[in-house]
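Thanks for coming. I will take one structure today and go through its helix contacts, its sheets and a couple of single residues.

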Amino acid sequence: MIRNGHRTVDSDGRPGPAGGSAVRVWCDGCYDMVHYGHSNQLRQARAMGDYLIVGVHTDEEIAKHKGPPVFTQEERYKMVQAIKWVDEVIPAAPYVTTLETLDKYNCDFCVHGNDITLTVDGRDTYEEVKQAGRYRECKRTQGVSTTDLVGRMLLVTKAHHSSQEMSSEYREYADSFGKCPGGQNPWTGVSQFLQTSQKIIQFASGKEPQPGETVIYVAGAFDLFHIGHVDFLEKVHKLADRPYVIAGLHFDQEVNRYKGKNYPIMNLHERTLSVLACRYVSEVVIGAPYAVTAELLGHFKVDLVCHGKTEIVPDRDGSDPYQEPKRRGIFHQIDSGSNLTTDLIVQRIIKNRLEYEARNQKKEAKELAFLEAIRQQEAQPMREAE
């Protein structure tokens, strides 16, 4: 609430939406198949203020305006809460962002990427807050979208792996996926993700293990970072009073060796950012060896090594990759309590393939129509002046 231009404080002690010291920021969205693009948007939004509140839409709202979500609303709420820049999650947030919502949660302004979201009838969901001057924009992360990830699953090619040249099949797909008659959408189409050291620095905590902290090492693909990974890492994080969790990510070729098909769906660079964004992870080893060796344990001064209940595939020579930590008595198997796997996510997508393809085409058509309407509006004054 604003009185005489000063921030007031609610009964629960939260600062109001204007003036004062603590700046409260609102973000909202579907956050379906949360990836590092979502995390980067939330990172940028959090940097604009002191407290970040994220509203997540229900399955019903998403189905109405956009199409079927891949994850359930409960899964999506928990995924967003696990992103380290998020202070609070609001379930069942309205699809259209209003001043009433910003005021209800005492937020100064809302932040969204420089793409566009439209209602089922083609209206900008941020129209009201934009007109009121309580809208801020952050840069959209190039090279990833939920649309692209879905396409990778459906195409069953390995061309997205970090060390491989783009095949003619994938190039044709990348050129056409997300397009519909009338042009190419600047937001939904496929573009290549280019990793930089700056992006890793922005995502990394930069903190080294401190005396008294328990160094816990986990390793895997962490592909399509999902609720099963979050549940596992949360359990691992609770094993110590002062945990320092290091996640070792295997090279794409190694993941493909033990997973097969077109796995991993996300390449090593993409998986690195997804895991770094998790609040339960302190450090990531980019391209960790498959076997957890004495050298690795000594280098990172590892106290505990953990693995989930999933199958442990032998190393190339047939040996157990965890034989050294088992020999030392520091190996723990953790039951995450979740049965969700990357395989199951892909199965959900394939099962609903036609619906997802239709969803992407409808979304594309609405956005292109909106862009054309803006272009015509901008051209009108010029025509009148002629």
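At roughly what angle do the axes of helix α3 and helix α9 cross? A word on the source before I answer: this is a predicted model. Helix α3 covers residues 73-81 and helix α9 covers residues 227-237; their axes come within 10 Å of each other and cross at roughly 50°. Angles under 35 degrees would count as roughly parallel and 65 to 115 as roughly perpendicular, so α3 is oblique to α9. The crossing of this pair is left-handed.

Which residues make the contact between α3 and α9? From α3 we have E75, K78 and M79, and they meet I227, V230, D231 and E234 of α9. Sorted by class, this contact has three nonpolar residues, four charged ones and no polar ones. As background, an α-helix has 3.6 residues a turn, so residues three or four places apart point the same way.

Staying with α9, this helix is mostly covered, with nine of its eleven residues buried. The buried set is I227, G228, H229, V230, D231, F232, L233, E234 and V236. What do the buried residues of α9 pack against? The list is α3, the strands β8 (214-220), β9 (243-249) and β11 (304-307), and helix α14 (342-351).

V305 has F331 in β12 as its bridge partner.

Another open sheet also has five strands and parallel pairing, and its order is β5-β4-β3-β6-β7. Here β5 (88-91) and β7 (135-138) are the edge strands, each with a single partner, so one side of each has no neighbour in the sheet. Neighbouring strands are turned by 30° against each other on average, ignoring direction. Strand β4, residues 51-56, pairs with β5 in the parallel sense over four bridges. For V54, the bridge partner in β5 is V89.

Helix α1 lies across β3 (24-29), β4, β6 (109-113) and β7, and runs at about 140° to β4.

Now the single residues. S39 lies in helix α1, residues 36-47. Is S39 buried or exposed? The relative accessibility of S39 is 2%, and the cut-off for buried is under 20%, so S39 counts as buried. With neighbours within four places in sequence left aside, S39 is in contact with I83, W85, F203 and A277.

D28 is in strand β3. This residue is also buried, at a relative accessible area of 4%. Leaving out residues up to four places away in sequence, D28 touches G55, H57, T97 and Y126. How far apart are D28 and H57 in space, C-alpha to C-alpha? The distance is 7.6 Å, for two residues that are 29 apart in sequence.

That is where I will stop.

Key
Residues are numbered from 1 along each chain as its sequence is written. This is a predicted model: local features need pLDDT of at least 70, side-chain atom pairs count only at pLDDT 80 or more; totals for chains, interfaces and linings use all residues. Side-chain values use heavy atoms; hydrogens and water are left out. Axes are lines fitted to C-alpha atoms, for helices over the stretch in contact, and angles run from 0 to 180 degrees between N-to-C directions. Helices (H or I, at least four residues) and strands (E, at least two) are DSSP runs, numbered from the N terminus. Angles under 35 degrees count as roughly parallel, over 145 as roughly antiparallel, 65 to 115 as roughly perpendicular and the rest as oblique. A crossing is left-handed if the near helix is turned anticlockwise from the far one by less than a right angle, and right-handed if clockwise. Contact means heavy atoms within 4.5 Å. Ala, Val, Leu, Ile, Met, Phe, Trp, Tyr, Cys and Pro count as nonpolar, Asp, Glu, Lys and Arg as charged, and the others, Gly among them, as polar. Buried means under 20% relative accessible area, exposed over 50%, partly exposed in between (1.4 Å probe, protein chains only). Two strands pair if DSSP finds at least two bridges between them.
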